[in-house]
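Here are my notes on the model you sent.

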Amino acid sequence: MNGTGAGGPARGKGEERPVGRRIILGALGLGALGVAGGATIQRGLDNTLASVAGKDPTGLFSVLPGTGGFRFYSVADTVPHRSADDYRLTVDGLVDRPASYTLAELTAMPSTRLVRDVQCVTGWRVPKTAFTGVTLSHLLDVCGVRPGARAVRFTCFDGVYTESLTLDQARRDDMLVSYRMRDEPLTAAHGGPVRLYAAPMYFYKSAKWLSGITVTDRVQPGYWERYGYDVDGWVGESNGRDDEPTS
Ligand SMILES: Nc1nc2c(c(=O)[nH]1)N[C@H]1C(S)=C(S)[C@@H](COP(=O)(O)O)O[C@H]1N2
Ligand SMILES: [Mo]
C-alpha cells in the first residue's frame with residue numbers, strides 16, 4: 001500500500017481513511033516560539049498542543065518550526081500527561097514474573113543511547129536524533145519470557161494507540177523503552193515520560209505514552225497496521241518505500 005498520507009495511510013486495504021487536519025504553527029500564532037529557548041519552546045508546545053488537541057476531533061495534526069523537524073502525531077483527542085511519580089509501565093502476559101515499573105526503576109536499569117535518523121513513513125525525516133532508554137530485551141529477560149511466546153504487544157496511556165513486534169524483533173539491541181530524547185527527558189508531546197523507540201523501523205512503530213508490554217503467542221496488528229501499515233515496519237523495506245535505512 002502507499003503510505004503517503006499526511007499522518008497515516010490515505011488508504012488502507014482499499015478503504016478511504018480520514019487523514020485528519022494539519023494545523024500549521026503560524027496559524028496558531030506560535031511562530032515566535034521558534035526563536036525562544038529550547039525548554040521554553042517545548043513547554044509552550046506541550047501546553048498549546050494539549051489545548052489544540054482537545055478541539056481537534058481527529059487529534060492528528062503537525063507542528064513544524066521549533067520542534068527540529070518533528071511532526072506531532074496523536075490519534076487520541078488529547079495529549080495525555082503522566083508525571084514522573086505517577087508513571088507505571090506494566091509487563092505481563094507470557095512471562096514468569098509480571099511487573100510494574102516506576103520511571104525511577106526504569107532509569108536505574110542499564111541504559112543504551114542510540115543516534116539514528118527518525119523516519120516517518122509519510123516521508124519526513126529528522127537526522128541524527130539521540131534516544132536513550134533500557135533495551136526491550138533487558139526488560140524481557142528480567143521478566144522471564146515463557147516458552148510459546150512469539151510476539152510483544154504495546155499499549156499506551158492515551159487509551160487508543162497500540163503497537164506490536166515479533167519476539168525476535170523485540171530482542172534486537174536497537175529496540176528501546178526510551179525516556180530521553182536529544183539528551184533531555186521525553187516531553188509529553190513526544191510521548192513522555194516513556195515511549196517505545198523502534199530504531200530500525202518507521203516511527204509509527206515507536207508507540208508514545210507507553211504503559212503496557214504484554215508478551216503474547218502471536219502478533220496482533222497495531223493501530224495503524226489495522227489500516228494497512230506493515231507490521232514489519234523496517235525503514236526502506238516496507239510500506240512500499242525504499243528509503244535508505246540509516247544506522
Ligand atoms: N500513542 C501514540 N504513539 C504514536 C502515535 C500516536 O498517534 N499515538 N503516532 C505514531 C506516528 S505515526 C509517528 S510518526 C510518531 C510521531 O512521534 P512524535 O509525535 O514524537 O513526532 O509517533 C508514533 N507513535
Ligand atoms: Mo508517522
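**Notes on the ligand site, the spaces and the backbone**

1. An oxygen atom of ligand 1 lies 2.9 Å from a polar backbone atom of Val-75. The model is predicted, and this distance, like every other value in this note, should be read with that in mind.

2. In His-190, a polar side-chain atom is 2.6 Å from an oxygen atom of the ligand. In Lys-208, an N or O atom of the side chain is 2.4 Å from an oxygen atom of ligand 1. Ligand 1 on its own would expose 530 Å², and the protein buries 99% of that area.

3. There are 21 residues around ligand 1, and those that come nearest are Arg-71, Asp-158, His-190, Arg-195 and Lys-208. By class, the shell around ligand 1 is made up of 14 nonpolar, 3 polar and 4 charged residues.

4. Where does ligand 1 sit? Its place is in the largest cavity, which holds about 300 Å³ of space. The cavity is lined by 22 residues, with Tyr-73, Tyr-161, Phe-203, Tyr-204 and Lys-208 closest to its centre. This lining divides into 14 nonpolar, 4 polar and 4 charged residues. In total, the structure has 4 cavities of 30 Å³ or more.

5. A separate item is the second largest pocket, with a volume of about 220 Å³. Its lining has 15 residues, and Leu-103, Pro-185, Leu-186, Gly-192 and Pro-193 are the ones nearest its centre. At least two lining residues come from α2 (103-107), and at least two from β9 (175-181). The lining of this pocket counts 7 nonpolar, 5 polar and 3 charged residues.

6. Which peptide bond is cis? The bond that joins Gly-192 and Pro-193 is cis, with omega at about 5 degrees. Pro-193 is placed in the loop between β10 (184-185) and β11 (195-198). Both residues of this bond are also among those nearest the centre of the second largest pocket, so please look at the bond and the pocket together.

7. One further backbone point concerns Lys-128. Its phi is near 45 degrees, which is a positive value in a residue other than glycine. Lys-128 belongs to strand β6, residues 125-135. Please look at the backbone here as well.

Key: Residues numbered from 1 in each chain as written. Chains lettered and ligands numbered in written order. Predicted model: local features only at pLDDT ≥ 70, side-chain atom pairs only at ≥ 80, totals over all residues. Heavy atoms only, no water. Near = heavy atom within 4 Å. Polar contact = N/O pair within 3.5 Å; in protein donor to acceptor, adjacent residues only side chain to side chain. Areas by Shrake-Rupley, 256 points an atom, 1.4 Å probe, with all protein chains shown as cover. 1 Å grid on protein atoms, 1.4 Å probe; cavity = no way out; pocket = protein on both sides within 12 Å on 5 of 7 lines; lining within 4 Å. Sits in = over half its atoms within 2 Å of the grid points. Nonpolar A, V, L, I, M, F, W, Y, C, P; charged D, E, K, R; others polar. Points joined across faces, edges and corners; volume = space filled by probe spheres on them. Helix = DSSP H or I, 4+ residues; strand = E, 2+ residues; numbered from the N terminus.
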